[in-house]
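Reader: Could you walk me through the salt bridges and one of the helices here?

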Amino acid sequence: MFRVELAVRPRPGVKDPQAEAVQESLTRLGHVGVSVAAVGRLLSLTIECDTAEEAERITADLCDQLLVNPSLETYSVSVGEVV
């Protein structure tokens, strides 16, 4: 069994209204030195399979089928074995 951390972010250049709202709020609170690059989502999954490579392949299939809009988003994956 493997634990997968899937981070989904807006593609560079795509309008990110959530990041803009967070940036605006932080500035209003006086955090002028903080810059919000993007706001995305993190999915924590467990996948029953035999290898980390298989867990990555399954995750890529999930992203292609449902979890990521490739026109607007990009993603990164971290896989670790559950002990």
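Author: Glu 73 and Arg 41 join their side chains in a salt bridge, 2.7 Å from N to O (a Lys or Arg side-chain nitrogen within 4 Å of an Asp or Glu carboxyl oxygen). This pair ties together distant parts of the chain, 32 residues apart, with Glu 73 in strand β3 and Arg 41 in strand β2. Bear in mind that this is a predicted model, where local features need pLDDT of at least 70, side-chain atom pairs count only at pLDDT 80 or more, and totals for chains, interfaces and linings use all residues. Residues are numbered from 1 along each chain as its sequence is written, and side-chain values use heavy atoms, leaving out hydrogens and water.

Reader: Is Glu 73 buried or exposed?

Author: The cut-offs are under 20% relative accessible area for buried and over 50% for exposed, with partly exposed in between (1.4 Å probe, protein chains only). Glu 73 has 17% relative accessibility, so it counts as buried.

Reader: How far apart are the closest N and O atoms of Arg 57 and Asp 61?

Author: Both sit in helix α2, 4 residues apart, so about one helical turn separates them. Arg 57 is partly exposed at 46%, and Asp 61 is too, at 33%. Their salt bridge has its closest N and O atoms at 3.1 Å.

Reader: Which strands do the buried residues of α2 pack against?

Author: Ala 55, Thr 59, Cys 63 and Leu 67 are the buried ones. Down the axis of α2 they fall within an arc of 80 degrees (taken from the directions from the helix axis to the C-beta atoms), so they line one face. That face's buried residues pack against β1, β2 and β3.

Technical notes. Helices (H or I, at least four residues) and strands (E, at least two) are DSSP runs, numbered from the N terminus. Contact means heavy atoms within 4.5 Å.
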